[in-house]
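Please look over the sequence and the model before turning to the notes.

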Amino acid sequence: MLDLTGYRLTYDDEFNARSISQNGVGTTYRDIRAEWRYDANSDIGFGRSSFLDSGSGYDPFSVQNGVLTITAAPPGTSASGYPGSWQSGLISTQGNFSQTYGYFEIRADFSNNPDAWDAFWLLPNQQSPQSSSANGHQELDVVEHYGNNDRGVYSTIHTTDPQPPGTTWQQTRQVYSEMPNPNGYHTYGMNWQADRISFYVDGQLVGSQATPSDLHSPMYLLANLAVQSTATTGTRFSSSIDYIRVYSNNPNALAVPQDSVSSPDGRDPGLYGATAGLRSGAGAAGAQPGATGSNSGSTAPASGANGSNGSSQSSSATAQGTAAPGNAPCYCTGTSIRTDRGDVAVERLAVGDRVVTAAGLHRPIRWIGRRTYPGSSAPPTERPVRIRAGALDDGVPARDLLVSPDHAVWLDGLFVAAGHLVNGTSITRGERVIDLTYWHIELDSHDLLLAEGAPAESFLPAPGLRRLFDGRDPDDSAIGPQAYAPRTALGPQLAALRRRLIRRAGATSRPGAVRAWLDRCALRADGALRVAGWAHDAAQPDAPVCLDIVVDGTIVAVTVAAEYRADIAAAGVGDGRHGFDLGVEAPLAPGVPHVVEVRRSIDEAVICAMAADAAGVWRPLLAA
């Protein structure tokens, strides 16, 4: 049976809500692949199917009771799509979530219609230069299921590596298995590691193959219901997805919260011994084991959409995570590191150089690695965090410090990923860097370096991690990672730190008049309170506003209004990236009134609010 002890949940969608759009901006998934767009509302698809967005007039997606259903409709259902093709749906996390290595799983009830072609698969953020029609391409198919062979499960590895002589691709690149009873929901999983790729059905190993040389970089997720090329006409048919979950055994991975489990048949398999972090209202940092995961969750850096808390992705302080190799502690080229001979640019350091730690010790460098993204090829999820000079304290950092989003700094007695501190003013995320190069500095144990004068972590090694980067001596198989300190991912101490940094930023940047609106306060099925709205500061029209969410006088969350909303963009409110939508764990006693306030974090000014009466009916109290 599958055992994920030591793994962390890095992505979770239980499909308690729908979050799909054409380009994925402001949502969890995109439903049209830009490179395969056919018309304004469709993707050319494959087999005899096009993939449609709801703007086509036909909506292939529905979410109900924790299940995403994709329905394929006969040709001509709408005017969109390739002529004569069936019209169905595909979802993709491209640009929002990707990961190198780990366990990837879908739980689904695939269609037994003879024309159905279901799939859960991965594609790289960037195809290898060797990819071509002759050489092949990079792709990992966790499962392909054909309705005319309902018992069969096809799991396939696509690579540009040459086929070994005397073998067929079915022997070295595919695992085929059969289910004794294909009816109902089943789990289909893949454990992708540096040396081997193993496939699972219902938690049982069904086969494995060696990992090709070109499958060692981040890949994003896709799921779809396609229609086979032999299909002609007929009636609609559907497939249903209960959840999609991803795990990592990288010790630097950040656990994300698991949303409320809503298994349609009551047979959720749980997290196989993996951990998920604590939910934002739990008041403590860290992660905890998940048997079913129903009471677990976490936060991770507030950056691009790299994790999921339910289906809603945002730039809030909840439910984000990153995956290797982007989450290894990294410094950008040009960063000054304190050494026994003064401050030295990180790219000029060498193994054996002695750095000065935050405690004043002189310690030798054991290993240096790097990773480069040529031109502007770095995906948004791996762009750096910029901590502006003086953002943390007087003279700290001494100059702007650029680090990877999950690079931890030591501040106010907390060990915190830089992405958690993003406030849109003094600490920002996502700028495009040409020829972005990340550098990794490893000592003989995890410690705090002085980077631009700020205490920030060295590289935390783990078996197999060095080989993801350029550098000498990639063998780290005998290294046992031990972190300098536990990371703080949520809780009142982190909230207080964030507010201090926001107020510090406000000392040199006075807030202006705010326009804001609280669209929705509503209890979700899992008991969490959904809070959604927007906020825009006229004095800083292109910067996100950092907000405190206050329930009955208690701060329960800190978030950043940075989610794109087409409605406020159309209304001329900045560039439209001023929305927020998050779920917070704030139990509301029934039968009594409640008040939710949204305050600007810099000065704690209340900018919008809603109240619920004893009957649970919400009404606006204040709007700026």
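The notes below go from the chain as a whole to selected residues.

The structure is a predicted model. Its protein chain has three helices and 44 strands, and buried residues make up 60% of its 624 residues.

**The chain as a whole**

- The accessible surface of the protein chain comes to about 23,200 Å². Carbon and sulfur atoms account for 50% of that surface.
- Of the contacts in the protein chain between residues at least 6 apart in sequence, 64% join residues at least 24 apart.

**Nonpolar cores**

- The largest nonpolar core has 44 residues. Within this core, Trp192 and Ile244 are the residues with the most contacts.
- Strand S18 (residues 219-227) supplies the largest share of this core, namely five residues.
- Another core, of 33 residues, lies apart from the largest one. Val422, Leu449, Leu494 and Leu501 are among the residues of this other core.

**Aromatic residues**

- The structure holds 20 aromatic pairs.
- One of these pairs is formed by Phe46 and Trp117. The pair is edge-to-face, with 5.2 Å from centre to centre and 65° between the planes.
- Phe46 lies in the loop between strand S5 (42-43) and S6, while Trp117 lies in strand S11 (residues 116-124), so the pair ties together parts that are 71 residues apart in sequence.
- Phe46 is partly exposed, at 22% relative accessibility, whereas Trp117 is buried, with a relative accessible area of 17%. The cut-off for buried is under 20%.
- Tyr154 and Tyr176 form a tilted pair, because their ring centres are 4.8 Å apart and their planes stand at 55°.
- Tyr154 belongs to strand S13 (residues 152-158) and Tyr176 to strand S14 (residues 174-178), so this pair ties together parts that are 22 residues apart in sequence.
- Tyr154 is partly exposed, with a relative accessible area of 22%. Tyr176 also counts as partly exposed, at 36% relative accessibility.
- One aromatic cluster is formed by Phe46, Phe51, Trp117, Trp121, Tyr146, Tyr154 and Tyr176.
- A charged residue also meets a ring: Arg245 lies over the face of Tyr243, at 3.5 Å from the ring centre.

**Tyr103 and its surroundings**

- Tyr103 is placed in strand S10 and counts as buried, at 0% relative accessibility.
- Leaving out residues up to four places away in sequence, Tyr103 touches Leu2, Leu4, Tyr7, Gly189, Met190, Asn191, Tyr200, Arg245, Val246, Tyr247 and Tyr272.
- One of these residues, Val246, is 143 residues from Tyr103 in sequence. In space, the two are 5.7 Å apart, C-alpha to C-alpha.
- The side chain of Tyr103 also makes a polar contact with the side chain of Glu105, at 2.8 Å.

**Ser56 in its loop**

- Ser56 is located in the loop between strand S6 (49-52) and strand S7 (61-64). Ser56 is buried, with a relative accessible area of 14%.
- The side chain of Ser56 reaches the backbone oxygen of Tyr58 at 3.0 Å.
- Setting aside neighbours within four places in sequence, Ser56 is in contact with Asn41, Ser78 and Ser80.

**Backbone features in loops**

- As background, most residues other than glycine have a negative phi, and most peptide bonds are trans.
- Tyr101 has a positive phi, near 65°. Tyr101 lies in the loop between strand S9 (86-92) and strand S10 (102-109) and is buried, with a relative accessible area of 8%.
- Asp202 has a positive phi of about 50°, although it is not a glycine. Asp202 lies in the loop between strand S16 (196-201) and strand S17 (204-210) and is partly exposed, with a relative accessible area of 34%.
- Val396 and Pro397 are joined by a cis peptide bond, with omega about -10°. Pro397 lies in the loop between strand S28 (385-387) and strand S29 (401-403).

Conventions. Residues numbered from 1 in each chain as written. Predicted model: local features only at pLDDT ≥ 70, side-chain atom pairs only at ≥ 80, totals over all residues. Heavy atoms only, no water. Helix = DSSP H or I, 4+ residues; strand = E, 2+ residues; numbered from the N terminus. Buried < 20%, exposed > 50% of the residue type's maximum accessible area, 1.4 Å probe, protein only. Polar contact = N/O pair within 3.5 Å; in protein donor to acceptor, adjacent residues only side chain to side chain. Contact = heavy atoms within 4.5 Å. Areas by Shrake-Rupley, 256 points an atom, 1.4 Å probe, with all protein chains shown as cover. Core = buried A, V, L, I, M, F, W, Y, C linked by side-chain atoms within 4.5 Å. Phe/Tyr/Trp six-rings, centres within 6.5 Å; stacked < 30°, edge-to-face > 60°. Lys NZ or Arg CZ within 6 Å of the ring centre and 35° of its normal.
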